[in-house]
Amino acid sequence: MELPRPVKAVDLTLATIAPYQRPDLEARLRQARARLLDDKVRVLVVGEFKQGKSLLVNSLVSAPVCPVYDDVATAVSTVVRYAPEPSLTLVRLTDSGGDGPPVEQRHPQPPVPLHELSDAVARHVTEQQNPENRQGLGYVEVGIPRHILQAGLEVVDTPGVGGLNSVHGAATMSALPTADAVLLVSDASQEYTAPELEFLRQAVRLCPNVACVLTKTDLYPEWRRIAELDRGHLRAAGIDAELFGVSSTVRWQAVLSGDDALNAESGFPDLEAFLAQRVLGQADLLARRSTVHDILAVTGQIIDGLRSEDAAQRNPEQVQELIAELTTAQQQAAALKERSARWQHTLNDGVADLNADIEHDLRDRMREITRLAEEEIDEGGDPTKTWEQLSTWVQQQVAAAASTNFVWATERARWLAQQVATHFAEEREAVLPALRTEASAALGSVRELRMRETEPWKLGQKALAGLRGSYMGVLMFGLIGTMVGLSLINPFSVGAGLLLGGKTISDERRRIITRRQGEAKVSVRRYVDDVTFQVGKDSRDMLRGVQRDLRDHFTELAEQLNRSLKESLSTAERSVKVSRADRERRLTEIPAELAKLEKLQERVKTLLPKPAETAEPPARHRLVASKG
């Protein structure tokens, strides 16, 4: 298999700089090469319950990989990747034991024929066969031989249990920063709902490419009118996202029959073009830019050293002036590694401030949810009659609050990274590392919101309370009646007994309801506290990861620059002592080496498209709509 051009450029650069014995710069290029070879383009397929996500994925990859049922929801994500042969792997996420991201434990399954793959996946991802994810899976990975995936595409079918504003929706939101594109799936039966629009607002802030897919167009003749209404909602919400109308059923028939006209009618060619040009094409362009930057930075440091040596050899009388300049530059580079450096202060202070802001925002949102829930409990009477609706509302609001808090934390972390990069290098371009902003499924580890069982209030309890109250009424007023010559049981004592019995029943009912309301409030507070604890820890872990990534990245750059300047300084100092023959030899060799490196830089720059060129995707990224 032929290597892509960026990888060839890295290999050529490694061979070119090998004689200079710079293992630090070589390590940087090898990291860039590994990133190019292992670069995946992840597309999240998200949406409310039973909107056709799984069938859309199957139709997109032209293979039955995701289970499709009318009454069973997906509870675990399914990741569809390229593989030479059909494969199924279960992936569990375990705590790393520190502040790092969860550790993946992969469990390959026995080979499964392609036509049985959907049933094999269903045993692990559906709510019916894996309720509440009792198998403890992070996701299920499916590998199939398809051209559309061989280009590097990775399609993720997200859980549909509970919809976008559920716990699963919050987990999907936490995965957005790691996605290259998001497809929001909604069927053509109705316009966009408020949760869908809110999800899109947050998605466009975290993901570079967001598109809307209107499914089941073959079932609803008015789908074009729905599509126009949805586009109006997107414009009103300020959401810049394309909308595609597709029919997965028609597409599947086109795949089975090989009918190109039917395939065009399905609407999938437009969706594939979006993935090729806007997603795969853009990811390839970003990879090329990153590669060009790394190569230019590495070769630039070697060129600077050679030019310093050339100046020292040509003008020995000016060596001391050159040494002074290099010494100053080397001291400045060394200072970048110190804790007193400006970028270090920006990073440390920024993370501390961000931690405080994120925690305050999370607690403020959770306190408001608790306050509203308690008001509803106080005004709603007996909470046992409305507990199912109330608990669902609380969980939805908590999930939405956690998602919004995570989105804000991610945006602030990216802004902080830009500030650190600016303060690290005021006069040179800086490339940021990939930040670990993905959060773990914190809400999934929170105990279920339940109200503790309290004393019952049934017919027997009501009768017993009434009898107790009426007995006291009959006894008191009967004794009073005996003083005036009446019997113990008389109309007055019986009436008093009935009145007191009714009052006792009413008081007992209010006491039990008040107690139940107190228990409901305690349950809500306990649940919200658990969520605040788990989500808060995840936010702190995420920010610590960002801090370490930025610190290690810029410290490594500072060390590379410091070593380059130190070697240039040593070379300049040695040039004073070299013989005339050695000086003449180096004056011949240095221009040749500079020309070779500069020629390499010019060749590497051709990896980037010219400004006037159209964004035509590379041949390896073109999608093929076929069964193979």
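Is Gln21 buried or exposed? With a relative accessible area of 61%, Gln21 is exposed, where exposed means over 50% relative accessible area, buried means under 20% and partly exposed lies in between, computed with a 1.4 Å probe on protein chains only.

## Basis of the model

This is a predicted model, in which local features need pLDDT of at least 70 and side-chain atom pairs count only at pLDDT 80 or more, while totals for chains, interfaces and linings use all residues. Residues are numbered from 1 along each chain as its sequence is written, and side-chain values use heavy atoms, with hydrogens and water left out.

## Two loop residues with positive phi

Most residues other than glycine have a negative phi. Gln21, although not a glycine, has a positive phi of about 50°, and it sits in the loop between H1 and helix H2 (23-37); helices here are DSSP runs of H or I with at least four residues, strands are runs of E with at least two, and both are numbered from the N terminus.

Ser62, which is not a glycine either, has a positive phi of about 55° and is placed in the loop between helix H3 (53-61) and strand E2 (78-82). Ser62 is buried, its relative accessible area being 5%, whereas Gln21 is exposed.

## Helix H1 against helix H17

The axes of helix H1 (residues 5-17) and helix H17 (residues 580-605) come within 11 Å and cross at roughly 170°, the axes being lines fitted to C-alpha atoms over the stretch in contact, with angles that run from 0 to 180 degrees between N-to-C directions. H1 is therefore roughly antiparallel to H17, since angles over 145 degrees count as roughly antiparallel, under 35 as roughly parallel, 65 to 115 as roughly perpendicular and the rest as oblique.

From H1, Ala9, Leu12, Thr13 and Thr16 meet Lys596, Leu597, Leu600, Arg603 and Val604 of H17, contact meaning heavy atoms within 4.5 Å. Sorted by class, this contact has five nonpolar, two polar and two charged residues, where Ala, Val, Leu, Ile, Met, Phe, Trp, Tyr, Cys and Pro count as nonpolar, Asp, Glu, Lys and Arg as charged, and the others, Gly among them, as polar.

## Aromatic pairs

Rings of Phe, Tyr and Trp (its six-membered ring) pair if their centres lie within 6.5 Å, and planes under 30 degrees apart count as stacked, over 60 as edge-to-face and the rest as tilted. By this rule there are two aromatic pairs. Phe244 and Phe274 form a tilted pair, 5.6 Å centre to centre with 55° between the planes. Phe244 belongs to strand E9 (residues 242-245) and Phe274 to helix H11 (residues 268-314), so the pair ties together parts that are 30 residues apart in sequence. Phe244 counts as buried at 8% relative accessibility, as does Phe274 at 4%.

Trp343 and Phe554 also form a tilted pair, 5.7 Å centre to centre and with 55° between the planes. This pair links distant parts of the chain, with Trp343 in helix H13 and Phe554 in helix H16 (residues 491-575), 211 residues apart. Trp343 is buried, with a relative accessible area of 0%, and Phe554 counts as buried at 0% relative accessibility.

## Asp364 in helix H13

Asp364 lies in helix H13 (residues 342-379) and, at 46% relative accessibility, counts as partly exposed. The C-alpha atoms of Asp364 and Ala401 are separated by 9.8 Å, although these residues are 37 residues apart along the chain.
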